Amino acid sequence: MIKYGVIGNNLDHSLAAEVHNLFFNIYSLDGVFEKVVVPLEDFNNIDIHEKLMGFKGANVSSPYKVRIISMLDSVSDEVKAIGSVNTINNINGKLIGYNTDAEGFKELLSRNGIKPRGKIFVVMGSGGTAKSVCYYLKDKAKEIYVVARDKEKDAIDGAKIIDYDELPFINGDVLINTTPVGMYPKVDKCIIDKSIVENYEYIIDLVYNPIFTKLMQYGVKAGKKCIPGLYMLVSQAITSQAYWQGIKMDYMISRVYKEISVIEQKKAHGNVYITGMMGCGKTELGKSLAKALKKDFVDLDEYIEKISKKKLQALLDEGEDVFRKWETKAIQKLAFEKDKIVALGSGAVLNEYNVLTMKLSGIIVLRDRSLDRILSTIDVSLHPTIKGKEDLIDIYNERYPIYLRICDLSVPYGELDLDTKKLVEVLG
C-alpha cells in the first residue's frame with residue numbers, strides 16, 4: 001500500500017484523509033492517506049525528510065505552509081512566487097514543494113460563476129492560503145485588500161494590507177475568510193462582526209468543517225450568496241494527486257466532490273430539499289422519506305403561506321417577483337431549522353442564493369421524471385402559472401438542466417417505496 005499524508009499541527013478538523021481515501025476507492029488505486037501531526041513546539045526541530053520517510057507525497061496544512069519551504073529540497077516556480085507550499089512530492093528521497101491552493105481557489109470561483117475581473121476582493125488572513133488566493137487574483141481583480149493582525153509585518157504582492165479596525169469602512173464584492181476561525185471544534189466563533197457582511201455580494205469561507213460556519217450564517221441572514229471552501233479542498237487535493245500520480249486529473253474533481261459534499265452537507269443541519277418539475281411527486285416522496293427517517297416534512301408553498309399570512313394565489317396575484325421574494329425568505333428561515341424534509345416548488349432553484357443556502361444546511365435531491373410522463377399526468381389548466389402544454393414544455397427545457405447541475409442526488413421516478421428506500425440507504 002502506497003502511503004500519502006497531510007502534515008499539520010491540529011488536524012482534528014481536516015477532511016484531507018476522507019477526500020484522498022475516497023479518491024483511491026473510487027478509482028481503485030493502491031493508496032492510503034494518513035494524518036501526520038506535528039505540534040507547534042516541535043516543528044522547528046523535526047527532520048522533515050525523516051518524518052515523511054515512506055510517504056510518496058503529502059499535503060501541508062496551516063500553519064506550516066510558509067515555514068516548511070526552507071526544509072524542502074526544491075520548490076516549483078509557483079511556490080517561489082506565492083511564498084506558500086501545500087503539496088510535497090517525494091521523488092527518490094528528494095522533497096519537492098508545489099502549490100495547488102491557487103488552482104483550487106480558481107476552480108472554486110469558476111464553479112460559482114464569479115469572474116474576478118473588475119471586482120474588489122477582501123481577504124481576511126495573511127498566511128499561506130491568503131497568499132495563494134492573492135496570487136491568483138493579483139492580475140485580475142480590480143483591487144485586493146488583505147486584512148491582517150499586523151499590517152506593518154505582513155506584505156503580499158498585489159494587495160493592500162489593512163487591519164481589522166479599517167475593515168468596516170471597506171466596501172467590496174467578495175469577502176473571503178482564509179483564517180481557521182470558526183473551524184471545528186470552535187464552531188461558534190467568527191472573525192468579524194455580523195454587520196461587516198452587509199458590504200459584499202459574496203461571502204466565501206475557506207473553512208470547510210463545518211460547512212455552515214458562523215460567518216456563513218451571518219451571510220445567509222443578510223441575504224448574501226455564501227460559498228464554503230469544500231470545493232477548493234477537493235480541487236486542490238485532486239491537483240496534488242496529479243503531481244503524485246504523474247497524470248492530469250481535472251475530470252475527477254466533480255466526481256469526488258459529489259460524494260464528499262453529500263457526506264458533509266448532511267452533517268450541517270440535516271435538511272433534505274426535494275426539487276423537480278411539477279408532477280414529479282416531490283410531496284409524496286418528501287412525506288414518505290420524512291416518515292422513514294423520522295424527520296419533519298415541510299411543503300414549501302404551505303410554509304410560505306404560513307410566514308406571509310397570505311394564500312399562494314394572493315401572492316401570485318401581486319406578481320411572481322413578490323412570490324419569489326417570499327420563497328427566498330422561507331428557504332432562508334428553513335436553513336436555520338434542523339432535520340427537515342422540504343418539498344420545493346419547481347422554480348425555487350432558479351435563484352442562486354436559494355441554491356447556495358440550501359447546500360449549506362443540507363442536500364438537494366432531484367426526483368427525476370420524464371417530460372412525457374409529466375405531460376400525461378398533469379392538468380395544466382389547474383396550475384396558476386402555466387398557460388398551456390407548450391408553456392410547460394418550455395419550462396421543462398429551461399429548468400431540467402438546472403436541476404441536473406445543482407442536485408446532490410438524483411432519484412429517477414419510480415415506485416414510491418423503492419424511491420424512498422434508495423434515499424434512506426444514502427441518507428439514513
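The structure is a predicted model, in which local features need pLDDT of at least 70 and side-chain atom pairs count only at pLDDT 80 or more, while totals for chains, interfaces and linings use all residues. Residues are numbered from 1 along each chain as its sequence is written, and side-chain values use heavy atoms, with hydrogens and water left out.

**Overall form**

The protein contains 17 helices and 17 strands; these are DSSP runs numbered from the N terminus, helices being H or I with at least four residues and strands E with at least two. The C-alpha trace spans about 75 × 50 × 35 Å along its principal axes.

Of the 428 residues, 55% are buried. Buried means under 20% relative accessible area, exposed means over 50%, and partly exposed lies in between (1.4 Å probe, protein chains only). Among contacts (heavy atoms within 4.5 Å) with a separation of 6 or more, 68% join residues 24 or more positions apart.

**Charges and salt bridges**

The protein has 58 positive and 58 negative side chains; Lys and Arg count as positive and Asp and Glu as negative, without His and the chain ends. The centres of the two sets lie 2 Å apart, with each charge placed at NZ of Lys, CZ of Arg, CG of Asp or CD of Glu.

The structure holds 16 salt bridges, each a side-chain nitrogen of Lys or Arg within 4 Å of a carboxyl oxygen of Asp or Glu. The table gives some of them.

| Salt bridge | Closest N and O atoms |
|---|---|
| D339 and K295 | 3.5 Å |
| K310 and E318 | 2.7 Å |
| D419 and R367 | 2.6 Å |

D419 and R367 form a salt bridge. This pair links distant parts of the chain, 52 residues apart, with D419 in helix α17 (residues 416-427) and R367 in strand β16 (residues 362-368). D419 counts as buried because its relative accessibility is 1%, and R367 is likewise buried at 1%.

D339 pairs with K295. D339 lies in the loop between α13 (320-334) and β15 (340-343) and K295 in the loop between α10 (282-293) and β14 (296-299), so the pair ties together parts that are 44 residues apart in sequence. D339 is partly exposed at 38% relative accessibility, as is K295 at 22%.

In the bridge between K310 and E318, K310 is partly exposed with a relative accessible area of 37%, and E318 is partly exposed with 42%. Finally, a network of salt bridges links E201, K225 and E352.
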